[in-house]
Amino acid sequence: MHKIADVNVDAMLDDLRTLVEVESPSRDLDALRTSAETVAAVIEARLGGQAVLVESEGGPHVHWSGGGTPRVLVLGHHDTVFPLGTLARRPFLVEDGRVTGPGVFDMLGGLVQAIHGLAALEDRSGVEILVTADEEVGSRASRALIEERALACGAVLVAEGAADGGGVKTGRKGCGTFEVSVAGRASHAGLEPAAGVNALVEAAHQVLDIAALARPEVGTTVTPTVASAGTLDNVVPAQATVVVDVRVESAEEKERIEAAFAALAPHLDEAVITVEGSVGRPPMPESAAAGLFAVARELSPGLEGRAVGGGSDGNFTAALGVPTLDGLGAVGGGAHADHEYLLVASMAERAHLVAGLVDAIRSA
């Protein structure tokens, strides 16, 4: 193990302000390009070398390598869920030991901490950083690159926000979204309602069937979240859609749920059901984190590990069998919400934890 230098919290806060004040909503390609360029500039300023922009249909990803044989991948994303203009309403602010602003917890704070943690290492060989542009919308444009670099490196540290209380994330559910579309037939709701096929009534049947697929006793949640139907109050609706959020803990449940959605059948004569979607992020089993978590506990005695419901790009790497430890980023809370925050007091400790893990992995 090698000596790890101190980190400068004020410098971390400066870099965090820089990233937060470049808004980066998913799918806004112009904003994401500016964000990627800014992330690359921060990486180069703190770590040297060249941070390369990797073009994709989801926006530019940022990849940096410390050279030498790849040993560990530090993984993050620079897109956020907040639309342009959020910053004007909720500006970057440091007050009473808390940092607020769009994306400070999910996950720009963790990204900055990881960069400064690596900067505290005299030797940065064997380390790669990959910061993707589309994690918040499913990672379709980055998954192949994530998997390629994870397999090349052999260990993954995910700089997503910490679990409640500051624990790291040792397991995650697989997650996916399904869209169920119902095609019926329109008719006049007053003159001849029976001549129509009511897509809204069919959708109501489907919602009950879908919700019944949940098995909370084994960690499977199936939650209808968004629905739409109809055009006018005197027209039998010809179309309806239902969007469903799914979370599973096992590959077996992933297969069961996907088969069940494929088998959905209409209740009304002449109604037609179409289903799109899948459990796109496989579960992250706790076994994938066990070895790295043990090392983290040696570096930070008392550190807790938790399995959580939300997904991350660590799901992909863990599913490949690559050792993966998640939740190494900011300590705080309020991901995706207006009360999102980061605790300043934990920033240096988390930066050192990333640095210590990298050094331990390379020394193994």
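1. Start at Ile43. Leaving out residues up to four places away in sequence, Ile43 touches Gly48, Ala51, Val62, Trp64, Ile115, Ile129 and Val131. Contact here means heavy atoms within 4.5 Å. This is a predicted model: local features need pLDDT of at least 70, side-chain atom pairs count only at pLDDT 80 or more, and totals for chains, interfaces and linings use all residues. Numbering runs from 1 along each chain as its sequence is written, and side-chain values use heavy atoms, with hydrogens and water left out.

2. Ile43 belongs to the largest nonpolar core, which has 59 residues. Ile43, Ile129, Leu157 and Leu325 touch the most other members. A nonpolar core is a set of buried Ala, Val, Leu, Ile, Met, Phe, Trp, Tyr and Cys residues joined through side-chain atoms within 4.5 Å; buried means under 20% relative accessible area (1.4 Å probe, protein chains only).

3. Several elements give two or more residues to this core, among them helix 1 (9-20), helix 2 (29-47), strand 6 (127-132) and helix 10 (347-363). Helix 4 gives the largest share, 9 residues. Helices (H or I, at least four residues) and strands (E, at least two) are DSSP runs, numbered from the N terminus.

4. A second, separate core has 19 residues, including Ala199, Ile210, Leu213 and Phe261.

5. Now the open space. The largest pocket holds about 1,000 Å³. On a 1 Å grid over the protein atoms alone, a pocket is an open set with protein on both sides within 12 Å along at least five of seven lines; a cavity is a set of points where a 1.4 Å probe fits but cannot get out; lining residues have an atom within 4 Å of a point. Points are joined across faces, edges and corners, and a volume is the space filled by probe spheres set on them.

6. The largest pocket has 37 lining residues. Glu136, Cys175, Arg247, Arg281 and Gly311 lie nearest its centre. Strand 12 supplies the largest share of the lining, 4 residues. By class, the lining has 9 nonpolar, 15 polar and 13 charged residues. Ala, Val, Leu, Ile, Met, Phe, Trp, Tyr, Cys and Pro count as nonpolar, Asp, Glu, Lys and Arg as charged, and the others, Gly among them, as polar.

7. The second largest pocket holds about 150 Å³. Its lining includes Arg27, Glu57, Asp134 and Arg140.

8. Phe82, Pro83 and Glu23 are among the lining residues.

Key: Buried means under 20% relative accessible area, exposed over 50%, partly exposed in between (1.4 Å probe, protein chains only).
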